[in-house]
Amino acid sequence: MTRTAENHTTEPSAIPQATRTFILAGGCFWCLDAVYRKIRGVTDVVSGYIGGHTPDPAYLEVCAGTTGHAEAVAVTFDPVTVPEDVVLDIFFATHDPTTLNRQGYDVGTQYRSAMFYVDDEQEELFRTAIERNQDNWSAPIVTQVTRAPRFHEAEEVHQDFYARNPWEGYCQVIINPKLAKARKYYSQWLVD
């Protein structure tokens, strides 16, 4: 039991918890955006760019590999509804963290597997998630874990791309199999 400022007692589960945000890169941000929007407890997903040297990156520059940025998503979620470990395990299940600077046909540092932490607690969570998920892969996980620099929100056309373009070829061939993996392994965490 926890005592509140008004001198009332409440169960710990009744105390509102703050949301958490993880910044994750695992290939094209359209894929992670589509997956995380289907997860119960995720309250926001923002596609963007992080980890480069250009002050105001734009999509075509990032895709050309000239800015040093990775395509990434900022995933905000309620850890009471979906545990942090589940959010991170979904990340490792829906992209290949063993390929350096590549996800399928997408090649370059902009498609690297990376996790960007904001404090020591997040760094530890990320490193523990790598260790926990290594047994699921025959090759070593090469996911970078680095302190988060500025996150740049991508252009509006890239936000919730899959929902707005479900019949586009990339969505059908690349994103749909990732959503199928999420359904296969994490169906209990998916929204209808």
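Me: Two strands pair if DSSP finds at least two bridges between them. Helices (H or I, at least four residues) and strands (E, at least two) are DSSP runs, numbered from the N terminus. The model is predicted: local features need pLDDT of at least 70, side-chain atom pairs count only at pLDDT 80 or more, and totals for chains, interfaces and linings use all residues. Numbering runs from 1 along each chain as its sequence is written, and side-chain values use heavy atoms, leaving out hydrogens and water. How many bridges join strand β3 (residues 20-26) to β5?

Reply: β3 and β5 run antiparallel. One of the contacts sets F22 as bridge partner to V75 in β5. The bridges joining β3 to β5 number five.

Me: Which residue stands opposite V75 in β5 on the β4 side?

Reply: β4 runs antiparallel to β5. Eight bridges join β4 to β5. Opposite V75 stands V45.

Me: How many of the eight residues of strand β5 are buried?

Reply: Buried means under 20% relative accessible area, exposed over 50%, partly exposed in between (1.4 Å probe, protein chains only). β5 (residues 70-77) is largely enclosed by the rest of the structure, because its buried residues number eight of eight.

Me: Which residues of β5 point the other way from A70, A72, A74 and T76?

Reply: In a regular strand, side chains alternate between the two faces of the sheet. In β5, A70, A72, A74 and T76 take one way, and both sets are buried. The other way point E71, V73, V75 and F77.

Me: How many disulfides does the structure hold?

Reply: A disulfide is a pair of cysteine sulfur atoms within 2.5 Å. The closest cysteine sulfur to that of C63 is in C28, 7.4 Å away, so the two are too far for a bond. For C171 the closest is in C31, at 8.3 Å, again too far. The disulfide count is zero.

Me: How far apart are the closest N and O atoms of D160 and R37?

Reply: D160 lies in the loop between β10 (151-153) and α5 (161-164), and R37 in the loop between α1 (29-36) and β4 (42-50), so the pair ties together parts 123 residues apart in sequence. D160 is partly exposed, at 25% relative accessibility. D160 and R37 form a salt bridge, with the closest N and O atoms apart by 3.4 Å.

Me: What relative accessibility does R132 have?

Reply: R132 forms a salt bridge with D85, the closest N and O atoms being 3.7 Å apart. D85 lies in helix α3 (residues 84-93) and R132 in helix α4 (residues 120-134), so the pair ties together parts 47 residues apart in sequence. D85 is partly exposed, with a relative accessible area of 35%. R132 counts as partly exposed, at 30%.

Me: Which residues do salt bridges that share partners join into one network?

Reply: Side chains of opposite charge can pair when their charged atoms come close. The network joins D33, R37 and D160.

Definitions and conventions:
A salt bridge is a side-chain nitrogen of Lys or Arg within 4 Å of a carboxyl oxygen of Asp or Glu.
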